[in-house]
Amino acid sequence: MPAKSGSITLHTGRIIGEGQPCYVIAEIGINHNGSLEIAKKLIDEAVAAKADAVKFQKRTPEICVPKDQWEIMRDTPWGRMSYIDYKRKTEFGIAEYAAIDQYCKKLGIDWFVSPWDVPSVDFMEQFNTVIYKLASASLTDLALIGRILETGRPLMLSTGMSTMKEIEEALSFVHQYDAGYPVFVAHSTSAYPCKPEELNLKMIQTLKQKFPGMPVGYSGHETGLATTVGAVAMGATFVERHFTLDRAMWGSDHAASVEPQGLQRLVRDIRDVETAAGDGVKKVYESELAPMKRLRVNISKEYHEVFNAKA
C-alpha cells in the first residue's frame with residue numbers, strides 16, 4: 001500500500017518511490033516469439049544485468065485482434081498462416097507462465113505482465129505477480145482497469161498516446177474505487193522507436209507536480225540509453241525498456257529494444273547517476289583536502305605577495 005513517503009512496497013520486499021533506488025524493468029513483452037527457451041534466456045540476461053523485474057504481455061487473441069484481420073495471411077518463422085493463428089502461436093499459456101513463475105522465483109527477480117483484456121487478468125490471477133501494468137493503449141479501458149482494481153495488486157499506468165485529461169480521468173477512476181489504491185504513473189510516448197524531440201522528459205516533473213506523493217516513472221521506446229538515464233536524473237522512480245536477445249530477430253518489437261549488453265550498461269549508468277546525485281548538502285570531501293592545501297595555500301600566498309608589493 002502507499003506509504004507517506006510516496007512509495008509503494010511490493011510483496012517481494014522491493015520498494016518503488018522517492019528516495020529508493022530506481023526500479024528497472026526489462027520488458028520482454030512478446031520478444032520471446034512464443035518460445036519458453038528464449039523467454040528463459042531473456043530472464044537470465046535480465047538477472048545478469050541486475051534489473052529488478054521482467055515484464056511480459058498477456059492477450060486473448062480473439063478479443064484483441066479485430067475480426068476483420070483474423071484471416072489476413074502473414075509470413076512467419078513457422079510458415080504462412082492467418083494473423084489470428086500467428087497471434088495464438090506467440091501467446092503463452094498456463095504451462096509457460098507456470099514455468100516462468102518458478103524460474104523467476106528461483107532467480108530472485110520480480111515478474112509481471114501487461115494484460116490487454118479482462119480474461120487475461122482472470123488468467124493471470126493464478127499467479128502471485130507483483131504488479132499489473134496497463135499499456136498506454138488501454139488507459140481509457142475502464143472495464144479492464146476495474147478488473148485489475150478488484151485484484152488489489154499495485155497498478156502501473158502508462159500514459160503514451162494520452163492527453164492530460166485522460167490521465168486525470170483514469171486516476172480519478174482508480175481513486176474513486178479506493179482513495180489509497182497503490183498506483184504508479186509512467187510517462188511515455190508511444191512511437192516505436194521514439195525520436196528524441198518527442199520524448200518530452202520534462203513531463204516526469206509535470207506529473208510529479210500534478211500528482212504529489214504518487215511514484216512517477218518512465219517507459220521508453222527510444223534507441224540508445226542516455227535519455228533513459230536522463231529520465232532517472234530528472235526524477236523517474238522506475239524505468240522500463242523493451243529488451244531482446246538480438247534486435248535483428250523476427251518480430252515487431254525487437255528493433256526498438258535494448259540488447260543484453262545495453263541493458264547491463266543501462267542499469268550500471270542508472271546506479272552511477274543515483275550515487276552521483278548525493279544529498280545536496282555542500283561539504284569538503286577528504287579527497288579534496290590535499291588539492292586544497294596544495295592549490296589554495298600557494299594561490300593565496302602569491303596573491304598576498306602581489307598585493308603587498310603594490311601597497
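Student: What is Met203 in contact with, leaving aside its neighbours within four places in sequence?

Tutor: With Met164 and His187. Contact here means heavy atoms within 4.5 Å. Keep in mind that this is a predicted model, where local features need pLDDT of at least 70, side-chain atom pairs count only at pLDDT 80 or more, and totals for chains, interfaces and linings use all residues. Residues are numbered from 1 along each chain as its sequence is written, and side-chain values use heavy atoms, with hydrogens and water left out.

Student: Why is Met203 called buried?

Tutor: Its relative accessible area is 18%. Buried means under 20%, exposed means over 50%, and partly exposed lies in between, with a 1.4 Å probe and protein chains only. So Met203 counts as buried. This residue is found in helix H8 (residues 203-210); helices are DSSP runs of H or I with at least four residues, numbered from the N terminus.

Student: And what makes Glu166 partly exposed?

Tutor: Glu166 has a relative accessible area of 27%, so it is partly exposed. It lies in helix H7 (residues 164-177). Leaving aside neighbours within four places in sequence, Glu166 is in contact with Leu139, Thr140 and Met161. The C-alpha atoms of Glu166 and Leu139 are separated by 7.5 Å, although the two residues are 27 apart along the chain.

Student: Why is H1 called roughly parallel to H10?

Tutor: Helix H1 (residues 36-48) and helix H10 (residues 260-277) pack at about 30°, with axes 9 Å apart. Those axes are lines fitted to C-alpha atoms over the stretch in contact, and angles run from 0 to 180 degrees between N-to-C directions. Angles under 35 degrees count as roughly parallel, over 145 as roughly antiparallel, 65 to 115 as roughly perpendicular and the rest as oblique. That makes H1 roughly parallel to H10.

Student: Which residues make that contact of H1 and H10?

Tutor: Glu45, Ala46 and Ala48 come from H1, while Pro260, Leu263 and Gln264 come from H10. By class, they divide into four nonpolar, one polar and one charged. Nonpolar covers Ala, Val, Leu, Ile, Met, Phe, Trp, Tyr, Cys and Pro; charged covers Asp, Glu, Lys and Arg; the others, Gly among them, are polar.

Student: Which residues of H6 and H7 meet?

Tutor: Leu142, Ile145, Gly146, Leu149 and Glu150 in H6 meet Ala170, Phe173, Val174 and Tyr177 in H7. That contact has seven nonpolar, one polar and one charged residues.

Notes
Helices (H or I, at least four residues) and strands (E, at least two) are DSSP runs, numbered from the N terminus.
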